[in-house]
Each structure stands twice: as C-alpha cells, then as structure tokens.
Protein chains: 2
Amino acid sequence: MCSDLRRLLGSEHVHEPPHDSPYNRDASRRRGVEGRADAVVLPASAEEVAAVLRWCYDNDVPIVARGGGTGLTGGAVATEGGVVCSLERLREVRALEPALWRLEVEAGVSTRHVQRLARENGLMFAPDPGAAEQSQIGGNAATNAGGPHALKYGVTGSWVAGLETALAPGELVQLGGWARKDVAGYDLKSLLVGSEGTLGIITAVRLGLLPAPETAIALVVFLRTRAEGCEAMLDVLAAGVQPSALDFADGETLQMVAGSYPGSVPPEAGFALLAEVDGTRAEAHAQRAALVEVLSDAAIAIEEPAEPPALWRWRDGFNGVVTGVRGGKVSEDVVFPVERLAEGLERFDEIGARHGLRSCAWGHGGEGNVHATVLVDPASEPELDAAEAAAEELFALTVSLGGSITGEHGVGWLKRGRLASQWDTRALELHELIKAAFDPKGLLNPGKKLAR
Amino acid sequence: MCSDLRRLLGSEHVHEPPHDSPYNRDASRRRGVEGRADAVVLPASAEEVAAVLRWCYDNDVPIVARGGGTGLTGGAVATEGGVVCSLERLREVRALEPALWRLEVEAGVSTRHVQRLARENGLMFAPDPGAAEQSQIGGNAATNAGGPHALKYGVTGSWVAGLETALAPGELVQLGGWARKDVAGYDLKSLLVGSEGTLGIITAVRLGLLPAPETAIALVVFLRTRAEGCEAMLDVLAAGVQPSALDFADGETLQMVAGSYPGSVPPEAGFALLAEVDGTRAEAHAQRAALVEVLSDAAIAIEEPAEPPALWRWRDGFNGVVTGVRGGKVSEDVVFPVERLAEGLERFDEIGARHGLRSCAWGHGGEGNVHATVLVDPASEPELDAAEAAAEELFALTVSLGGSITGEHGVGWLKRGRLASQWDTRALELHELIKAAFDPKGLLNPGKKLAR
C-alpha cells in the first residue's frame, strides 16, 4: 500500500503510523476512539487528494479525511484501517477579494487564519468553533461546525458559497461557484457540508464574508439557578433582542471554570450567561441596554469584560478545564428546542445522579445546544460504562423532547446508528441511499455517520 | 382515475380540467408550457396529500405538486399528464410562537399571509418573492424563492427550519424540527428545498422569523449608464455597506416602467438602483448616509420614497408592465458573479440585437441575479424562435462567466437538461441518483428539473 502511495505523493508524505500516533486519535479522548490507520498520507494539492482517493477506490482501501484533529466524535479516525488523508498541507489562500466580501481557501487553512484574513480586510468570518487555532476550515465545513456566534450568524454552512471536493471514484468536482444564488440543481453543496468525510473529501472552500460590525459588547450575567437562567434566555428572545451569542454555563461548570474567569464569580451564582451584542456603536449599545433591561431583575451581577475576545477565550477553555478535573469526561453535544432547555438540563442532571456521576453542562443556550458532560476517571471501566449508559438515556431524552442528538460535533463514530431514534424510516433509507450514490463501495470514512 | 381519487378526497375535490384550465398553465405564458392534467385534486390535509401520492405510486400515474401557480418555468404544470395536486386547501397556521420567533404553516398559506402574521407580532419573514399575494409558502420552499431582500436576509431556504413532506411511495416524513442546529443526518431538508416537486411534496413548513427591524429606508438612484450603474453596485459592496436590497432596472426597462413610478424618472436616466437599508433608526440612517456618499458622484438623482413598500410594489409590477408592451416576453432568470454583471448585461444586449429583438433587464443586482428579457409578439412563431435562440446564447454566456442558469425561478420544464452545461459530469450523475433515490418510479413531477 505505502509504496504505491509513495509513488503518488513522494516518499516523505506517506507514513506508517504507530498505534499511538496522534493521527489515530482525536480530541475526544473517548474509549474506543482508536484508529488503526495503515497509512497516513499528506497530499500537497487537491489533485493529489483526488489521486489518493482514486487509488483507494481502485484498491478497495478505506480513506478517512482528516483536518485539525479537533473532532470530538471519532469522525477523523480510521477505526476500520486504511488510509488517513490529512489535509494539513493544503494551505493555499486561492483568492481574497475583500471588495466582493469573499475568500477561497484550501481545506487545510486554519479557522483562525480565515478569521484573521477577514478581519485584516475589514470583514468578518462569523463562525467561531472552539479550537480555532488547530481546526481547519475544511473540517469545519465537513462537520458544519458552529460556535457561540452561530446564534446570530449561522453555522459554517451558512457561509459556504461553494466547495471543491474529491468525489469517488477519484475526481475533483466543483459544487457551487461565486453566483450568489443558484437553484439550477439539487443542493449537493449542503449535502457535503456536515457529511463528515463520508460522501467526499472537501479540498477547498469558497466563503462569503460580511462587513465587520463596528463594535461588539460582551456581558457575563450571573444568576442564582438554572431555572432562572433558562427563563432569562427565553425572556431575551421574547423581548426581540438579537444577541450575536448567548452561551451558558451551569452551576457545576461555573465552579470548575471560576478559577480561570477574568473577574470573580459571585459565590451564590448557580448559572451564568455569556452574551454578546454587536453592530454599529449605537446599535450595540442599544442592544446592550435592552439586554440589561430584560436580565437585571433576575441577575445577581452583570459584568462587562473590557475585551470580548478574552471572554470567548475563557469560554473556549471550558472543555480542557472540565476534562482536567478528574482526568476524563464524557461530553455529548445535544440540542433541545430552546423552550425545553430547562427541562432537558434538569433531567440530564437526574440521569447523571442516577448513575452516580458528577454532571455539568454548558453550551449555546440561545440555540438549545448543550454540551452535556459527566466527569470520569478515564482508567475506570465501570465509570466509563456508567457514563455511556447515561449518554444513552440522554439521547432518548433529547429525541423525546423534539431535539437532536448532535448540534455541531457530528455523528462520527461515537454516535453511529443513533439517527434511527430521531428520523422516520423513509428518511433513514434516503440517508443511506445518498451515501450509496456518493460512495458505492463504502470506502469513504466507513463506519461513520451511519444512520442505523 | 378520477373515481378512485374521489373516493379518497370526496367528489367535489377532484376535477377533470379542461385543456385551457388555469391548472394547465403558470405565470410564464411561455410557448410549450401547456399541461394536460388528467385530474386536478385538492386535498384538505397533509395526510390526504400522502394518500394521493400513494395512489399515484400504486397506479404509475405522474403527480405534479402545485402552489399558487405563479411560477415562470412550467414547474407546476403537468406536461406529461397525470394528477395535479394543488396545495391550496392546506391553509392551516399550525403554530405561531412569536416569543420563540417561529411559525409553522401548511403549504397553501400565501406568502403575504406569512409576512403579515410575522409583522403583526413584531417579527419579520424576510423573503419577499414577487406575487406574494398569490404565491404559497410551500411553492416558495419548493423553488427556494428569493426576492429583493434576499441580498441581506437570504432566500426562502435560509428560513426553513423544518419541512413536512409527502415522500414516495406515499408517506409523511418530517425533515427537521425546532432544534436550531442539527447535524445528525445528511441535510435532506436542503435537498427538498428548491427541488420543485421532483423529490417529494412539501405539505408544511416550519419557519424561523426575525425581530422586525425598527426602520427601513428606500432609495431610488438614477444613473446615466449601465456601466456606471454596475460600477456603483460594486462600490457599495467595496465600501462595506450592507443594503437589505439592491435591485436594478436598465434603461430599456426604465422607459417601460416609468409611467407607474411614484415620482418622475429623469429623462437622461439610463439605469436605476432600488436600494433599501434597515435596522434601528440610527443604523438605517447611518447606512443611508453611507450609501448616498458612495453613490452621489455617479448619480443623476437620488430619491427617497416616503413609503418603501410603495417602491417594492412598483418593482413587483415590472414583470406585468414589460409583458404588456408587446403582449409577450421571454424572460430568463440568470445569475452572473456580481463583478461580471456589467459584462453580462452588455453581452445580453448584443445577443438580443443580433436576433433583432428588443431586450431589457432588471433584477437583484447586488447578487448578480438578472431577469434578462426580450419582448415578443406571442403570436409570432419566428419571434418566439428568435427569443429561444437568444436564450440559448444567454445560458452559454452565463456559464462561461461562472454564473448560473437560474437564481430563483428554478429549472422547471423550460430549463430542463440545461444543468449539463453548468455542472461536472459526476455532479450531474449524483443529481440523477438522488432523484432516483427519492422517486424510484419517476412519477414526481416528471420531465422537470432534469439534469440532462
């Protein structure tokens, strides 16, 4: 295998990874997320990606696309062996046209670099998933990554005007160009977005940008209880205020992350909202005033960090801090309809308690998107068993409340087969028929994003 | 056929339409767009739609979903016979939850009614395709309809949180609920949006709404030439101004619609921009000032209509006025990348002249979306032939400039097979495989939205 691939890519760009290679892991550190890649390849261009895919298709070898490796569901790990195709060398900025609000970059460009290119030109790339330094724009598109600012600005897919993809059996296909509207064919681009490498491999992304808002103002709002916090978020919506972000941390989470908060957390706080408003200076201040008016009755304290980015850096660290408390965690990314958020969080708490686990939750509250987490000792099999049993109940709860088993982290390997509890049978069948149309040999990221 | 269908729906809801029935036409009045429906059925509920689809599937009879009949490409016309399934009786507002910014309505509710329900509750349903009184929200979703305000707010699909659809062989399937983020399965919802009744029949739509902007300010900007007008639109983008709408009318169009303009068109005007800015009062005024600053050098006159809706009513009338000039027109909805708009319009003019036709163009300039039109005597076969030959050249031009053969009107029957000039072969094949997955018998709106 490797000798063929070395002929295609040059010998220094094909490795046989050791079992403990980072290419056999992702950021989930979850039990069972262990790759056994036969080869890791680092193509230099979209054409080389297509050539690798063609070789895999000719030789019946699985191929797993991999971005920054920051995924949390095992999506980029070769659980069934084969080739891991890392996009890290596809780092060209193909076009940056600030006057037309657009940017075309190859898949391996980091999300932070995309954000920076936009900002340096007076524009904004709005999606802000965690780990933006490491994560790559191709992976963001392949998982339809979100982040706090998706509340106002939408997820990654909202900003993808077009994609270049390597499709089976091994050719580069353009899906969508720079035409700003297009209904000439079925929306294949939206199928690829969020498909987690199971339909094709995204090699370049054409992104729409927006003029950067003049001002952003962040607020941290501390409340006594979860019930009050969830009610407060609904009050914000009901008041017709549109924050650019409205995240939350529950009391357990707050305890753990208080130490890194750039300020002091009131001791009686049992819930916190992390909000941001933006726009022109006048608009942002008007929205800030409206938010404060809605929230001031219930709040213990409302703080305004001088620098919003510092707040989001703190927020971005939750995952690591919570993991550090006991060395491990099992965190599930679920969505409740926003009006069921309080109920969902309360019942998740009960689930954790019933399994003897310490639970906590944070996430994108305005969208009902919760990172529901239990702390574990990663060396304790019984605890891991309990955590998985709790997750099982959480998924059933989510579906029963009309939500989704994943909002932004994807299905990957860890949630394979779970769509069956959420979708009608005919829709599951169509999910599978679409997979078969794009990947008749089943070699693109096998075992991932399975419907049942 | 009709007796079976009458048993399903009641005899008063199944008709055998005469050849000249409005159900055998659409708003295009184009040659060849003539249905020969064997039956028109008017189901009362989503369940009845599914039952009709099941009957058609059991009996190998084509079924054509139909909304308000305002389409311009023959999409809702039974060109191959069979059953026309009109959604006009599905008019229930299933849920209106202003505090959660959402609305669920059945497919037959008019777009104007959706807009009104939102507005009466302090919210906005942003998409504003033409003919909103007649057109229905199900048809808007099935064609992914646009309109002037799509520039800032996106097309219909951007606001569709979920769909209820009747899928072959005859069952109701929910695609997407109220979870605001969801990456649990492939994006089937986006496939149905814009599928023009060829993948399934949309029976209800779950819509996201936005808080209504406090103020909207419209501006009409008259310029001397097309070149100056197109340059002005690029200047607006380059200045980082974000109008909610930026439509245009070229000189020929202006001449025809001047009579209905609520004001007076300067005689030397050869191009007009119809712009709107919105937001808080302060923001809208700031954006207005920015627009005027960008445009004042090139403009002959900048007028501010007291009531923006009056401007958009005028705009909505272009189609009818232009049709009236010679009794007929052939109008094609194409998209150029916005920086190629001037070139596209100029070359379209040359195409018309070469075929001895009077041409004109208007559309959504900020998106490069052009309704490129030639006037014809509808009784003159040679003129219709010339118009079709001109359209042929226009499509080739569009594709050569990196645009799309349709931005918002869809493929329908008139543009069937044309995707082949725009997409890679593998993408065409996937378009067809998706059709086969959803509709293995090929009975859902046969002959429409064909890739080749």
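This is a predicted model: local features need pLDDT of at least 70, side-chain atom pairs count only at pLDDT 80 or more; totals for chains, interfaces and linings use all residues.

Colleague: Why are α14(A) and α14(B) called roughly antiparallel?

Modeller: Their axes cross at roughly 155 degrees and come within 10 Å. Angles over 145 degrees count as roughly antiparallel, and the pair is therefore given that label. The crossing of α14(A) and α14(B) is right-handed.

Colleague: Which residues of the two helices meet there?

Modeller: From α14(A) they are R426(A), L430(A), L433(A), I434(A), A437(A) and F438(A), and these meet R426(B), L430(B), L433(B), I434(B), A437(B) and F438(B) of α14(B).

Colleague: What covers the buried residues of α14(B)?

Modeller: The cover includes β8, β9, α6 and α14 of chain A, together with β8 and α6 of chain B. Among the buried residues of α14(B) are R426(B), H431(B) and K435(B), as well as L428(B) and I434(B). As for its span, α14(B) has 14 residues and reaches 20 Å from its first C-alpha to its last, close to the 20 Å expected at 1.5 Å a residue.

Colleague: How do you know that the span of α13(A) agrees with its number of residues?

Modeller: At 1.5 Å a residue, its 20 residues should span 28 Å; the end C-alpha atoms are 29 Å apart, so the two agree. At the start of α13(A), a side-chain oxygen of S380(A) comes within 3.1 Å of the backbone nitrogen of E383(A). Just after the helix, G402(A) has a positive phi of about 85 degrees.

Colleague: Against what do the buried residues of α13(A) pack?

Modeller: They pack against β16, α12 and β18 of chain A. The buried set includes L384(A), A387(A), A391(A), F395(A) and T398(A).

Colleague: What makes K415(A) count as buried?

Modeller: Its relative accessibility is 2%, and buried means under 20%, so K415(A) qualifies. The residue lies in the loop between α13 and α14 of chain A.

Colleague: What does the side chain of K415(A) reach?

Modeller: It reaches the backbone oxygen of D333(A) at 3.1 Å. Leaving aside neighbours within four places in sequence, K415(A) is in contact with E332(A), D333(A), F395(A), I405(A), T406(A) and G410(A). F395(A) is one of the buried residues of α13(A).

Colleague: Why are α1(B) and α2(B) also described as roughly antiparallel?

Modeller: They pack at an angle of about 155 degrees, with axes 10 Å apart. The cut-off is over 145 degrees, and the description therefore applies to α1(B) and α2(B). Their crossing is right-handed. The contact is made by D4(B), L5(B), L8(B) and L9(B) of α1(B) with E48(B), A51(B), V52(B) and W55(B) of α2(B).

Colleague: And N140(B): buried or exposed?

Modeller: N140(B), in helix α4 of chain B, has a relative accessible area of 4%. With the limit for buried at under 20%, N140(B) is buried.

Colleague: With which side chain does N140(B) make a polar contact?

Modeller: That of S135(B), at 3.3 Å; a polar contact needs a pair of N or O atoms within 3.5 Å. Not counting residues up to four places away in sequence, N140(B) touches T111(B), P129(B), S135(B), A145(B) and T156(B). Its C-alpha is 9.3 Å from that of V155(B), 15 residues apart along the chain.

Terms used: Residues are numbered from 1 along each chain as its sequence is written. Chains are lettered from A and ligands numbered from 1 in the order in which they are written. Side-chain values use heavy atoms; hydrogens and water are left out. Helices (H or I, at least four residues) and strands (E, at least two) are DSSP runs, numbered from the N terminus. The expected span of a helix is 1.5 Å times one less than its number of residues. Buried means under 20% relative accessible area, exposed over 50%, partly exposed in between (1.4 Å probe, protein chains only). Contact means heavy atoms within 4.5 Å. A polar contact is a pair of N or O atoms within 3.5 Å; within protein, one must be able to donate a hydrogen and the other to accept it, and residues adjacent in sequence count only if both atoms are side-chain atoms. Axes are lines fitted to C-alpha atoms, for helices over the stretch in contact, and angles run from 0 to 180 degrees between N-to-C directions. Angles under 35 degrees count as roughly parallel, over 145 as roughly antiparallel, 65 to 115 as roughly perpendicular and the rest as oblique. A crossing is left-handed if the near helix is turned anticlockwise from the far one by less than a right angle, and right-handed if clockwise.
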